[in-house]
Amino acid sequence: MDSALEAVNRGSTTIGIKTPSFALLASHIKPIRPLVEPMEKVFAIDAHVGATGSGYIGDILRLIDELRLEGQKHRLSFESPIDVGSLAKHLGGFLHNYTIYAVRPQAASVIIAGADQTGIHMYQVDPSGTYFRGAGFAIGQSSDSALDVIQREYSADMTVEQAVQLSNKAIEKALGERPVVEVGVVTKEGKFRKI
C-alpha cells in the first residue's frame, strides 16, 4: 500500500474544489516527449459526473472505466442517473477488494465530482478504498502545498472563473512553474463539461 501512495504522491498535481453552485476538477498535464500527445486527465463518467486522478495513468484509466461501468449499470437497472455518493462507495469497495485479493493495489487516487438530486458532491477515493467527502482536495506531487493555497483562499461563493484561477494558482505553487492544466466542471443543473 505504501508504494501505491508513493505513486500517487509522484503523480500529477490534481485539484478538486466544490461550492454549493458547482464542482471543479483540475489536473496538471505533465510535459511529455516531442511528437507525443498528452494523456487526457479529466474524464466524464456520466452526464452529471466527472473524475480525475493522480498516480499511474494505467491504474487511473482502469478506475475511470469501473466508475463508468457502475454508472451505466445503474442507469440501465433503475432508468435514472446514479448518485455521486454511490459511485464513491462503489469505487471504495472495488479498491478495498483489490488490495485484499490482488498482487498489488491500484496506484491511483481519484477525485469524483457530480450533481444529483441532493446537490453538488465531491469525493476523494484513496488506493486503500477509503473515501472522503469535502469541498477541497489536492492529490499528487506537492499536494500539501496546493491544498494550503486552496484552504487559505477558498470561498463558498466564488465563481467558476475564480475557482479555475485558484486551482491554477495552487498547482503553480506546488510545482514552482506555470502549469498546463486540464479542467472540468459540473454545475447544479447536473451537467459535466470540460472548460
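1. Gly129 has a positive phi near 100° in the β6–β7 hairpin, where 5 residues sit between the strands. Helices (H or I, at least four residues) and strands (E, at least two) are DSSP runs numbered from the N terminus. Keep in mind that this is a predicted model, where local features need pLDDT of at least 70, side-chain atom pairs count only at pLDDT 80 or more, and totals for chains, interfaces and linings use all residues. Numbering starts from 1 along each chain as its sequence is written, and side-chain values use heavy atoms, with hydrogens and water left out.

2. β6 and strand β7 (residues 131-133) run antiparallel and are joined by 3 bridges; pairing takes at least two DSSP bridges between two strands. Val125 has Tyr131 in β7 as its bridge partner.

3. On to β5 (residues 108-116): this strand pairs with β6 in the antiparallel sense, over 7 bridges. The hairpin joining β5 to β6 uses 2 residues. Ile111 sits opposite Gln124 in β6.

4. Strand β6 (residues 119-125) has 6 of its 7 residues buried, so the rest of the structure largely encloses it. Buried here means under 20% relative accessible area, exposed over 50%, and partly exposed in between (1.4 Å probe, protein chains only).

5. Thr13, in the loop between α1 (2-10) and β1 (14-18), is buried too, at 0% relative accessible area. Leaving aside residues up to four places away in sequence, Thr13 touches (heavy atoms within 4.5 Å) Ala26, Ser27, His28, Ile139, Gly140, Gln141, Ala146, Ile171, Ala174 and Leu175. Thr13 and Gly53 are 40 residues apart in sequence, with 8.9 Å between their C-alpha atoms.
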